[in-house]
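Please report on the fold shown here.

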Amino acid sequence: MSDVITVVAPQWTRETIYKPEALSKAAPDNAPECSVPPRFTWDDLQSLRQWKMLAGIYPNPFTAAYTAELLREDDWRICSPVVFPPLDPEVRERVGRRQMECPMCQGKQVLYGLQHGLKTGLEVEVPSAVCYCRQLHSFWADWANKEIVSLRFSKANLATLEPYEHSQLPAQRQQEIIDLLKAHPGDSHYLFGGPGTGKTHMITALYRKTLHNWSVQEWKQRDDVKAVWRVSTSRLLQEYLAWENRHRDEYAQPTKLPTVTVDGIVKAAKAGYRPALFLDEVDKCNPTPFQIGKLIEVVDAVYAEVGQVVATANKSVDDLIARWGSDEAGTVLRRIGAGPGAHSVRFAG
Ligand SMILES: [Zn+2]
């Protein structure tokens with residue numbers, strides 16, 4: 001004999017579940033409020049477990065009969081695990097860009113599952129998972145930002161990367177570089193070589209992979225912690241200069257915090273992420289000693305957290321050090337392209 005007692009639930013309807021005043025306030029049929037079975041939010045569910053809502057702390061929309069059944073039930077079982085239907089890549093992009101409502105959660109970011117009360121036969125809907133449109137939104141918030149990814153490279157993708165016929169580099173060398181990046185997408189890379197050799201395309205493809213991995217982890221953690229930054233080096237150093245001088249002009253607009261800071265990197269690592277910094281055109285600036293110091297600080301912070309740094313430049317690290325005349329910068333920059341988990345990739349035949 002099974003010890004599970006099957007109870008035939010009374011046919012609960014809107015009228016027997018909800019008080020008339022709750023029904024009169026609710027939108028007509030099929031609205032989430034006053035739906036059958038009732039739908040609970042995360043908070044409600046918590047309250048339900050603690051019996052708070054029913055003890056009168058929160059307004060109770062339910063009839064006395066239904067409330068009594070809810071109170072009687074103490075053996076809730078999830079009976080339908082949430083499944084994520086695969087979405088077409090085009091739909092994923094449109095949802096990510098917020099050009100259409102998510103077809104899975106209708107924009108609520110939460111997917112509901114049925115919960116079944118064994119004692120009473122009650123059925124209620126409870127939030128069972130955060131919809132993966134959260135991941136699509138956080139990925140596309142940066143990927144669709146033209147200041148981060150220019151339109152020219154918006155299709156860059158490590159998975160589909162192939163030698164490009166108009167490149168200044170022979171196809172064979174391009175293939176070697178592509179193979180190296182595909183084999184080590186999470187490593188640090190110093191990509192250097194002349195213009196038109198495809199460095200920006202490659203850094204963008206690596207950035208896509210790292211940004212995607214972060215957005216999947218953030219979806220699971222739901223903590224809004226950023227861990228991947230991409231910025232042109234000259235812009236970052238200008239931001240630091242503006243930040244340093246922010247109190248000089250009291251009538252000026254509030255100064256924006258630099259794109260990436262040591263605090264942000266440490267915060268990401270504390271939350272369990274691997275920080276990643278993508279620096280475009282490291283040698284396209286003439287930094288002051290103050291700015292070199294700031295660059296060293298952020299790159300060092302990423303290394304201290306065993307993160308990833310990817311940089312592009314026309315010149316080799318040695319040429320750059322000679323130009324900047326900073327030994328300290330050299331030590332830091334050399335780390336991007338040398339040592340374990342780091343590659344110096346020359347874009348030349
Ligand atoms: Zn969704």
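The report below goes from sheets to helices, then to the core and single residues.

The model is predicted.

Five strands make an open sheet in the order 5-6-7-4-8, and their pairing is parallel. Strand 5 (228-232) and strand 8 (342-347) are the edge strands. Each of these two pairs on one side only. From one strand to the next, the twist averages 10°.

Strand 4 (residues 188-193) runs parallel to strand 8, and six bridges join the two. Within this pair, Gly193 stands opposite Phe347 of strand 8.

Two helices that pack on this sheet can be described. Helix 8 touches strand 4, strand 5, strand 6 (276-280), strand 7 (308-313) and strand 8. The direction of helix 8 makes about 160° with that of strand 7. Helix 13 (residues 327-337) also packs on the sheet, where it touches strand 4, strand 7 and strand 8. The direction of helix 13 makes about 85° with that of strand 8.

Gly330 belongs to helix 13. Is Gly330 buried or partly exposed? Gly330 has 16 C-beta neighbours inside 10 Å, so it counts as partly exposed. In sequence, Gly330 and Asp319 are 11 residues apart. In space, their C-alpha atoms are 9.9 Å apart.

| Strand pair | Sense | Bridges |
|---|---|---|
| Strand 4 (188-193) and strand 8 | parallel | six |
| Strand 1 (76-78) and strand 2 | antiparallel | three |
| Strand 2 and strand 3 (123-130) | antiparallel | seven |

Ile78 stands opposite Gln115 in strand 2. His116 has Glu123 of strand 3 as its bridge partner. Val110 has Val130 of strand 3 as its bridge partner. The hairpin of strand 2 and strand 3 has five residues between the strands. In that hairpin, Gly121 takes a positive phi near 75°.

**Helix pair**

Two packed helices are described by the angle between their axes and the distance between the axes. For helix 10 (residues 262-270) and helix 11 (residues 289-304), the angle is about 10° and the axes are 9 Å apart. That makes helix 10 roughly parallel to helix 11, since angles under 35 degrees count as such.

Which residues meet in this contact? Helix 10 brings Val262, Ile265 and Val266. Helix 11 brings Glu297, Val298, Ala301 and Val302. By class, the contact has six nonpolar, no polar and one charged residues.

**Nonpolar core**

The largest nonpolar core has 57 residues. Within this core, Leu277, Phe278, Val298, Val302 and Ala311 touch the most other members. Helix 8 (residues 199-221) gives the largest share, seven residues.

Leaving out residues up to four places away in sequence, Val298 touches Val260, Val262, Ile265 and Leu277.

The peptide bond from Val36 to Pro37 is cis, and its omega is near -5°. Pro37 is found in the loop between helix 2 (20-25) and helix 3 (42-50).

Gln109 is not a glycine, yet its phi is positive, about 65°. Gln109 lies in the loop between helix 5 (89-96) and strand 2 (110-117). Around Gln109, 16 other C-beta atoms are within 10 Å, so this residue is partly exposed.

Arg222 likewise has a positive phi, near 50°, in a residue other than glycine. Where is Arg222 placed? Arg222 is in the loop between helix 8 and strand 5. Is Arg222 buried or exposed? With 10 C-beta neighbours inside 10 Å, Arg222 counts as exposed, because the cut-off for exposed is 12 or fewer.

Conventions:
Residues are numbered from 1 along each chain as its sequence is written. This is a predicted model: local features need pLDDT of at least 70, side-chain atom pairs count only at pLDDT 80 or more; totals for chains, interfaces and linings use all residues. Axes are lines fitted to C-alpha atoms, for helices over the stretch in contact, and angles run from 0 to 180 degrees between N-to-C directions. Helices (H or I, at least four residues) and strands (E, at least two) are DSSP runs, numbered from the N terminus. Angles under 35 degrees count as roughly parallel, over 145 as roughly antiparallel, 65 to 115 as roughly perpendicular and the rest as oblique. Two residues are in contact if their C-beta atoms, placed from the backbone, lie within 7 Å. Ala, Val, Leu, Ile, Met, Phe, Trp, Tyr, Cys and Pro count as nonpolar, Asp, Glu, Lys and Arg as charged, and the others, Gly among them, as polar. A nonpolar core is a set of buried Ala, Val, Leu, Ile, Met, Phe, Trp, Tyr and Cys residues joined through C-beta atoms within 7 Å. A residue is buried if 20 or more other C-beta atoms lie within 10 Å of its own, exposed if 12 or fewer, and partly exposed in between; C-beta atoms are placed from the backbone. Two strands pair if DSSP finds at least two bridges between them.
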